[in-house]
Amino acid sequence: MAKKNVNDNVIAQNRKARFNYSIIDTYEAGIALTGTEIKSVRAGQITISDGFVTVHNKTALLTNVHISTYAQGNQFNVDPLRTRQLLLHKREIVALEKAVQESGITIVPLKVYMKHGFAKVLIGIGQGKKKYDKREDIKRRDQERELGRRLKH
């Protein structure tokens, strides 16, 4: 049986994160979710574009990620914007904590995907790009696109 690629199970992706930040390092983390939240995630009703990660009391917390309420959830639904705990090893949390203490460093969710039935989030330690860095990225992307067009013909 062929191995499934992680990209096959991607539920949500933060495309602007790689444009606004230069990603230094990435970590895979589990998300502590309730029963109705995991059903909403499986249905693809999650938005991570505004999310970020904070480290508080030796726990990593995913903040400002919107998981829509589950339609059949009634009384078991929780607040869509609640802060959720990330499941990481202690050494990974310590590394994140050290990274955040530097100036201009933030931790952003890059994508949410399913792995062996569990919701996982790929988080990246990012340093904010300046405006001229973003312009260089756009210029390089346009050059690659033009080169691809010329090679096609």
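Of the 153 residues of the chain, 31% count as buried, where buried means under 20% relative accessible area, exposed over 50%, and partly exposed in between, with a 1.4 Å probe and protein chains only. This is a predicted model, in which local features need pLDDT of at least 70 and side-chain atom pairs count only at pLDDT 80 or more, while totals for chains, interfaces and linings use all residues. Residues are numbered from 1 along each chain as its sequence is written, and side-chain values use heavy atoms, with hydrogens and water left out.

**Whole chain.** Show the C-alpha trace, which spans about 55 × 40 × 30 Å along its principal axes. Colour by secondary structure to see four helices and nine strands; helices (H or I, at least four residues) and strands (E, at least two) are DSSP runs, numbered from the N terminus. The order of the elements from the N terminus is β-α-β-α-β-β-β-β-β-α-β-β-α.

**Helix α2.** Select residues 35–42, the helix α2 that holds Ser40. Its buried residues are Thr36, Glu37, Ile38, Ser40 and Val41. After α2 comes Gly44, with a positive phi near 85 degrees.

**Ser40.** Is Ser40 buried or exposed? Ser40 counts as buried because its relative accessibility is 0%. Leaving aside neighbours within four places in sequence, Ser40 is in contact with Gln45, Ile67, Ser68, Thr69 and Tyr70.

**The cavity.** A cavity is a set of points, on a 1 Å grid over the protein atoms alone, where a 1.4 Å probe fits but cannot get out; lining residues have an atom within 4 Å of a point. Grid points are joined across faces, edges and corners, and a volume is the space filled by probe spheres set on the points. The count comes to one cavity of 30 Å³ or more, and the largest cavity has a volume of about 50 Å³. Select its lining: Thr36, Glu37, Ser40, Ile67, Ser68, Thr69, Tyr70, Asn77, Val78, Asp79, Pro80 and Arg84. Helix α2 gives the largest share of this lining, three residues.

**The nonpolar cores.** A nonpolar core is a set of buried Ala, Val, Leu, Ile, Met, Phe, Trp, Tyr and Cys residues joined through side-chain atoms within 4.5 Å. Of the 26 residues in the largest one, select Ile46, Leu86, Leu88 and Ile123, which touch the most other members. The elements that give two or more residues to this core are β2 (21–31), α2, β5 (59–63), α3 (90–101), β8 and β9. Centre on Ile46: not counting residues up to four places away in sequence, Ile46 touches Ile11, Ala12, Val41, Val65, His66, Ile67 and Val112. Another core, of five residues, lies apart from the largest one and includes Val108, Leu110, Tyr113 and Leu122.

**Arg149.** Finish in helix α4 (residues 131–152), where Arg149 lies. Arg149 counts as partly exposed because its relative accessibility is 47%. Select Arg15 as well: Arg149 and Arg15 are 134 residues apart in sequence and 23 Å apart in space, C-alpha to C-alpha.

Key. Contact means heavy atoms within 4.5 Å. On a 1 Å grid over the protein atoms alone, a cavity is a set of points where a 1.4 Å probe fits but cannot get out, and a pocket is an open set with protein on both sides within 12 Å along at least five of seven lines; lining residues have an atom within 4 Å of a point.
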